[in-house]
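Please read each point alongside the structure shown here.

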Amino acid sequence: MANLDWKVKPNDELPGGEIKIYSHYTDDIHKELCKCCKDNGCENYDILILEPPCMIETGENGSHFKLANVYEEVGIKLYDGTNYNNRTTYPTKDECRLYQYHSCRGLEGWCVVCDGLDVVYQHLVDNWKPTGNELGFDEEKMKERFAMLWMMMPLTRPIDTLVITLKDPNSKIGKNLKDLAESHKDYVEWYIN
């Protein structure tokens, strides 16, 4: 998909896993993830939701996830790791953990939601800064390579289930994921019409 020199060693003791691609995250998808966790001896804590920077707003009381109230209204309990006021407490076993993509290093979850993956890809491309070692290289390709390599971090956070949402399924990432879903139907499910 990205032509990256990326090698991983699969853990044969943990077979399975799946990737599900949607246009947006819903309470029905969330219920499926909760059931997946429960069926495998995990808690809601084992659901990790990653959000792009545009979904975090900053006000007088610090930053927080823009849709926190909407999630709470439909019964999704969140530990908003983007909220500075929460930085001194830990999530409970009933709360899903929510962070910005840029805070996912070192985190993992049984189920991971990469919300707006195409949005974060574009954010990375748009905010790429040259390092000075690009002499003779195509700048657009350097931006894309940087973004793709960086996205391997959030894409490798799940232990079992990866949910990806796309704002624009016709974006470069959307088209690449559609091709991936077509060629790997045994573990990649495409739910976008």
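1. The model is predicted. Apart from its neighbours within four places in sequence, Thr161 is in contact with Glu18, Leu33, Cys36, Trp110, Cys111 and Val112. Thr161 belongs to strand β8, which covers residues 158-165.

2. The relative accessibility of Thr161 is 1%, so this residue counts as buried, the cut-off being under 20%. Its side chain also makes a polar contact, at 2.7 Å, with the side chain of Asp160.

3. On aromatic pairs, a search of the whole structure finds 4. In one of them, the ring centres of Tyr22 and Tyr191 are 4.8 Å apart and the planes stand at 5°, so the pair is stacked; the limit for stacking is under 30 degrees.

4. How do the two partners stand in terms of burial, buried or partly exposed? Tyr22 has 10% relative accessibility and therefore counts as buried. Tyr191, at 41% relative accessibility, counts as partly exposed, because that class lies between 20% and 50%.

5. Two further features involve aromatic residues. Tyr25, Phe65 and Tyr71 are linked into a cluster by ring pairs. At Tyr45, Arg97 lies over the face of the ring, 4.3 Å from the ring centre.

Conventions. Residues are numbered from 1 along each chain as its sequence is written. This is a predicted model: local features need pLDDT of at least 70, side-chain atom pairs count only at pLDDT 80 or more; totals for chains, interfaces and linings use all residues. Side-chain values use heavy atoms; hydrogens and water are left out. Helices (H or I, at least four residues) and strands (E, at least two) are DSSP runs, numbered from the N terminus. Buried means under 20% relative accessible area, exposed over 50%, partly exposed in between (1.4 Å probe, protein chains only). A polar contact is a pair of N or O atoms within 3.5 Å; within protein, one must be able to donate a hydrogen and the other to accept it, and residues adjacent in sequence count only if both atoms are side-chain atoms. Contact means heavy atoms within 4.5 Å. Rings of Phe, Tyr and Trp (its six-membered ring) pair if their centres lie within 6.5 Å; planes under 30 degrees apart count as stacked, over 60 as edge-to-face and the rest as tilted. A charge sits over a ring if NZ of Lys or CZ of Arg is within 6 Å of the ring centre and within 35 degrees of the ring normal.
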